[in-house]
Amino acid sequence: MHDPHPVRLVVEDDYRRNRLTVFFRLILAIPHFIWFFLWTVWVTLTSIVNWVISIFTGRPRPWFHRLMCGYVRYQAHLGAYVSLVSDPYPGFMGEAGSYPVDIQLPEEPVTQRRWTIFFRGLLFIPAFLVSSTLAGLSGGNLGSSRGKTRNSTGGGTLLLVCAFLGWFATLARGRMPKGLRDAGAYALGYTAQTTAYLLLVTDRYPNADPTEMLVAVTDRPPRHPVRVVGDPYDLRRSRITVFFRLLLALPHLIWVTLWAILAILAAIAQWFVTLVRGVPAGALHRFISAYIRYRLHVTAFLLLVANPFPGFTGAPGVYPLDLEVDGPQRQNRWKTGFRLVLAIPALIVDAALGGALLIAAVLTWFYALIKGSAPWGLRNLSAYALRYDAQTNGYLFLVTDAYPHASPLEGEDTTEA
Amino acid sequence: MTRSRAWLVVPLAAVWAVAAWLLWRSSLPAYHLPHLDQHALFPAGALHRAEHFSDVERLFWLGKTIIELAVLGVFVRYGVRWMRESAAGPIGTGMLLGMIGFAFVWAAELPLAVLTVWWRHRYGLSGSYLDATVTNWFALGAQFVLLCVALAIVMGLARARGIGERWWLLAAPVFIGLRTLLAFIAPWLLGGRAFHAPYVAQLQRAEHVHVPVRVLSGFSEPNAAATGLGASRRVFLWDPIVRPPFTPRMDRFVLAHEFGHLAHNHIWKSLGWYALFAFPLALLLALATRGRGGMGVPEAVPLAIFVYVVLQLAALPLQNVVTRHLEAEADWSALRATHDPTAGRQLFRLFASETLEDPSPPWWDYVFLENHPTLLQRIEMTQYYATSVRERGHP
């Protein structure tokens, strides 16, 4: 459907991490931070010159292009090192192919439409907002506004959360969990596309589609018992229902709140049943699954991830973005007993993705009002966030003891969401 | 209509008429109000100001009504096409159609809402452009929720096995029950702060109504209301009415008026009238939507909303007759409790300058918009009371 984005993420990381360098990662990165700061100052100044020249020529000068490409790559290398997406100590020059998490960029500068060059700073804003929720940075030259944006979205940044949780996991296991690694890599890839767009390396707008971003990652996560299924090309949106979306969702929000109270009570009962029998009760499992599915439908409708007005019953197979849930399976009693505590990391990732989901919804609202459709990338980013939310709820409400998988990639046997 | 059904209508109409007669009975004497000249009662400037303001306000109401009917009329024709935006079942789809219909009405009326604020500002009255546009969304949201509840009840009953087209027979009692419940709990939802004045206890004794009086903040216009049933009965005063230029004497009259509503069971009577209207309105709605498959299918919802709005408009004159009657009785009750017609007269004169209410509106305004007696009529009643006491020694 799409041409591949000219700014591509390459991931050749093997998940193994050196515990010692992980423990001291931030301290070890101090020379890089200083170097990155200096490079950012230099790039900021030269990018202004590059911008002025490009407005007249319609094409950045090769010297500027090489400088910007090196900066984008170096930013990705450093980001990957600091956030534990990769292990080796990166070089200082952002050389292509020198790091397991790399960015492929156009070798030569391309001709760009002059008006998009002129308005690049404005056009960049939506991508910057998304990038802020994913990685919390979008080029060191915008560092001063990072914190403000992060606070305004309400959730932490995905990369920060993955690095924080990954730090503990890696120290314990000597390996970075795949889900956190993939999520972090995705955030870095999107940030690289955003920075490249701002610095005129390309005029192609950043693509938030996680599957496309991680196309080079071949190993898929295992099939999860809670899966989101749907047609990723279902992008049509009704302008009138988009405009009034929040109000139209009000009856559902009231209903889902009432249902949540019952679902919590059911989950408490299910906790006792599962702890005693080792297997959840079938009736409670169905009831809670229906609640999680209905919650997915409502959130998808409210946040413009899907178009139609959902039903009130959480019935399967009737909504374009739907939830497949396996039947009740035997669960580990230890995992059941400490479920609330164990769910905390997943809830943190869920909150970080919630920030991205909210920003994506706001941007989609404007886009859909104008175009009558949802942007492909944001729709799929939102579907990823909703899938993780559903898996988190499935884990928390004892539908499954399989931990939510933070990887943006679908499980092996699953239809794409 | 078959002969047997025609015979059924006659006794039902008789029952309706008897019930209406019972509800209409009041403590009002058989009186003839003296005809007073409004020019003698109100300063010429204030009168002109109120009339001019009300003339345009009436046009706004007319405009809004025409827009509402026009938009919903078009929605009856084309509304069904939005069914494709729903993945819900018939009831959920009906809810979506209903909400979209009212969303269109809201959008179409938006310019008039802004104009209304502008017009009020011209006359120094309160009004916020933000409220008329953005905050108004909350009101629309509340309207959506209520609409969805109503449609869930109606469509749920219409789809229920064994009920079908007779849904209105069950829906009307359900709505009456909900209305009663709302009347009961509403006072507790409103809150407010306690109101203390030396005359409160005296009025409570005089009208045999011992209920709390509370003041509600955040309002810009003077008003008061009696609400609640049984243990929840309360009288609420909007805070502007307990501040100057309103005097304690006027407040005493206002309070006596509200106690009068409670003393004469006006909340129950209002519920009674609601019940009397609910059955025929529901029946007419059922008959009107039969051609589109009845209220069990979402295709009927756009038409149902249109018919409901038209029926409400048609019932408005009759409802206003009822409420004017109840308000007149409350005024009479206040006069008997306070023996202070002067305070009443001053109060109603002040209303004209504070709220710019036209003391003597044109007939169509009186029929469709006035749910209280006009200010002139209310002053005439105070005059009638004063004359009766002076001539006969009692009212």
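**Entry 1: burial and overall form**

I began with burial in chain A: of its 417 residues, 52% count as buried. I note that the model is a predicted one. I then looked up the secondary structure of chain A and found 18 helices and 4 strands. Along the principal axes, I read a span of about 65 × 55 × 35 Å for the C-alpha trace of chain A. I also checked the radius of gyration: a compact globule of 417 residues would have a value near 22 Å, and chain A agrees with 22 Å. For contacts in chain A between residues at least 6 apart in sequence, I noted that 78% join residues at least 24 apart.

**Entry 2: domains of chain A**

I looked up the domain assignment, which gives domain 1 (8-213) and domain 2 (226-396) for chain A. I found 30 Å between the C-alpha centres of domain 1 and domain 2 of chain A. To their contact, domain 1 of chain A gives 18 residues and domain 2 of chain A gives 19 residues. On the side of domain 1 of chain A that touches domain 2, I recorded helix 6 (120-134), helix 8 (158-173) and helix 10 (210-213) as each supplying at least two residues. Helix 6 of chain A gives the most to that side of domain 1, with 5 residues. Sorted by class, that side of domain 1 of chain A has 9 nonpolar, 8 polar and 1 charged residues.

I then followed Leu188(A): leaving aside residues up to four places away in sequence, Leu188(A) touches Ala76(A), Gly79(A), Ala80(A), Val85(A), Val101(A), Ala135(A) and Leu159(A).

**Entry 3: contact between the chains**

I looked up the contact between the chains and found 18 residues of chain A against 17 residues of chain B. Helix 11 (239-243), helix 12 (245-248) and helix 13 (250-277) of chain A each supply at least two residues of the side of chain A that touches chain B. Helix 13 of chain A gives the most to this side, with 3 residues. By class, I recorded 14 nonpolar, 4 polar and no charged residues on the side of chain A that touches chain B.

**Entry 4: the sheet of chain B**

In what order do the 4 strands of the open sheet in chain B stand? I read the order as 1-2-4-3, with mixed pairing. Strand 1 (193-194) and strand 3 (224-227) of chain B are the edge strands, each pairing on one side only. I found 4 bridges between strand 2 (residues 213-216) and strand 4 (residues 234-238) of chain B, which run parallel. As one detail, I noted that Val215(B) has Leu237(B) of strand 4 as its bridge partner.

**Entry 5: Trp106(B)**

I located Trp106(B) in helix 4 (residues 90-122) of chain B. Is Trp106(B) buried or exposed? Trp106(B) counts as buried, because it has 20 C-beta neighbours inside 10 Å. Finally, I looked up Trp106(B) and Phe348(B), which lie 242 residues apart in sequence and, from C-alpha to C-alpha, 34 Å apart in space.

Definitions and conventions:
Residues numbered from 1 in each chain as written. Chains lettered and ligands numbered in written order. Predicted model: local features only at pLDDT ≥ 70, side-chain atom pairs only at ≥ 80, totals over all residues. Rg over C-alpha atoms; globule rule 2.2 N^0.38 Å. Buried ≥ 20, exposed ≤ 12 C-beta atoms within 10 Å, placed from the backbone. Contact = placed C-beta atoms within 7 Å. Nonpolar A, V, L, I, M, F, W, Y, C, P; charged D, E, K, R; others polar. Pairing = 2+ DSSP bridges. Domains from an automatic or database assignment.
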